[in-house]
Amino acid sequence: MFLIYQIIITIIIILSPIILLVRILKKKEHPKRFIEKFCINLKPRPKGKLVWFHGASVGEILSIIPLVKKLEKNREIKTILITSSTLSSASVYKKYKSKKTIHQFFPIDYFILTKFFLNYWNPSVAIFIDSEIWPSTFISIKKKSIPLVLLNARITKRSFKKWSKLKRFSNYIFNKIDIAYPQNKETLNYLKKLNVSKIKIIGNLKFTENENKNEKENFNLKNRNFFNEIKSRKVWCASSTHFSEEVMCGKVHAQLKKEYPNLLTIIIPRHIHRVKEIQNSLENLNLKLVLRSSNKKVNKETDIFLVDTYGETKNFYKVCDTVFLGGSLIKHGGQNPIEAARLGSTIIHGPYINNFKEVYALLNSKNIAFCANNFKKLTQLISSSVKKTNTNTKYKKINKMGHTILSKTIKEINNILDNETKKT
């Protein structure tokens, strides 16, 4: 099976010039840095102990920023390497000032490239975030006897079914993981069935607070006029929206505007390359838009503030007591509500939340999250939420939980590094 997998990757590499050109034109790939995925133009490798983190995209990278900040204070760690696969994640990472941390794009999972990458960086530990399972990379890591950690692991029912169809292959790959830290009980059960030998629950790392002081100050300075413009208005946010959900939210706005003439809706699409399509759809509803990137003023006539930039979602949550989380009105499985909840927002979501059902169950039980099964219910929930101002008392337990998880995670990683030091 591994041979077949490598043949497929080989075909992808052969076709990569065409694939990359299309992705660059669609602004999904960096026009210069894409060569890092072929282990070309790698940054210089500093001497000393190196810790490697890999996360697929924005959510995974943001979840480890608090952890990376803490580990940077560890004098024994000379370098922290962060790899990711998407252009958006690289854009977000740029905003975090760090002395020890280097970002590279994750290499294509081809045995020659993974071997070269590991020989070049020679990490003391390899830590993969969430659901990042890469067969060639895992095999190469174990050949070099590097501890392999799956942190904040998440295996959905859908992905488990796919791995289960290749039982011998999946058992062989998952057995390479030295220790996994699942973010929920569902993943714990799946990891056991997938032949992971050592599993330990410490909680969901995404509950930890991720505060960038410089980013916050720059945002507030740059957007002082924006905050002044909206402070007297009723504001709600539709975040991580997918196809058709923006139109639904636009219709909700049009309906609620009859009740709240000063209503402003902030829409943050999951994929900003769809912005033109979204803009056209909302303007067809006779709604007046301002794009985030335009730097135009939000006036009393503005209906929708459409965010077409990366890495600012958290700051918009801070001015919105009400947040609708997308990917939940369609059969996508929902988006992660933790950050919005941790910042004090009331969460509204659709019925399709299988990707984060345990998180939503926790938030539902604390009356922080509420489910809307249809347009009418969504309109009602947003209407009742924007009427009132939230209090932060019910969110204190969530923040405390985050601090505990972060402390435990740091302790676990330090123990792994200490064990490696003793071996040498």
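Visitor: Which strands does helix H11 lie across, and at about how many degrees does H11 run to S8?

Guide: Keep in mind that this is a predicted model. Helix H11, residues 245-256, lies across S7 (234-241), S8, S10 and S11 (322-325). Its direction relative to S8 comes out at about 175 degrees.

Visitor: Which strands does helix H16 touch where it packs on the sheet?

Guide: H16 covers residues 375-387, and its direction makes about 135 degrees with that of S7. The strands it touches are S7, S11, S12 (346-349) and S13.

Visitor: What is the order of the strands in that open sheet?

Guide: There are 7 strands, with parallel pairing. The edges are S9 (289-291) and S13 (369-371), each of which pairs on one side only. Neighbouring strands are turned by 20 degrees against each other on average, direction ignored. Read across, the order is S9-S10-S8-S7-S11-S12-S13.

Visitor: What is the bridge partner of Ile 266 in S10?

Guide: Look at S8 (residues 263-269) and S10 (residues 304-306), which run parallel and are joined by 3 bridges. In S10, the partner of Ile 266 is Phe 305.

Visitor: How do H5 and H7 sit relative to each other: roughly parallel, roughly perpendicular or oblique?

Guide: H5 (residues 135-143) and H7 (residues 167-174) pack with their axes 9 Å apart, at an angle of about 45 degrees. Roughly parallel needs an angle under 35 degrees, and roughly perpendicular takes 65 to 115. The pair is therefore oblique.

Visitor: And which residues in H7 do Pro 135, Phe 138 and Ile 139 meet?

Guide: The crossing of H5 and H7 is left-handed. The residues of this contact divide into 6 nonpolar, no polar and no charged. On the H7 side, those three H5 residues meet Phe 169, Tyr 172 and Ile 173.

Visitor: Last one: what is the relative accessible area of Leu 205?

Guide: Leu 205 is in the loop between H8 (185-193) and H9 (213-222). Not counting residues up to four places away in sequence, it touches several others, including Ile 64, Leu 67, Leu 151 and Ile 405. Leu 205 is buried, and its relative accessible area is 1%.

Methods: Residues numbered from 1 in each chain as written. Predicted model: local features only at pLDDT ≥ 70, side-chain atom pairs only at ≥ 80, totals over all residues. Heavy atoms only, no water. Axes fitted to C-alpha atoms, helices over the stretch in contact; angles between N-to-C directions. Helix = DSSP H or I, 4+ residues; strand = E, 2+ residues; numbered from the N terminus. Parallel < 35°, antiparallel > 145°, perpendicular 65-115°, else oblique. Left-handed = near helix turned anticlockwise from the far one by under 90°. Contact = heavy atoms within 4.5 Å. Nonpolar A, V, L, I, M, F, W, Y, C, P; charged D, E, K, R; others polar. Pairing = 2+ DSSP bridges. Buried < 20%, exposed > 50% of the residue type's maximum accessible area, 1.4 Å probe, protein only.
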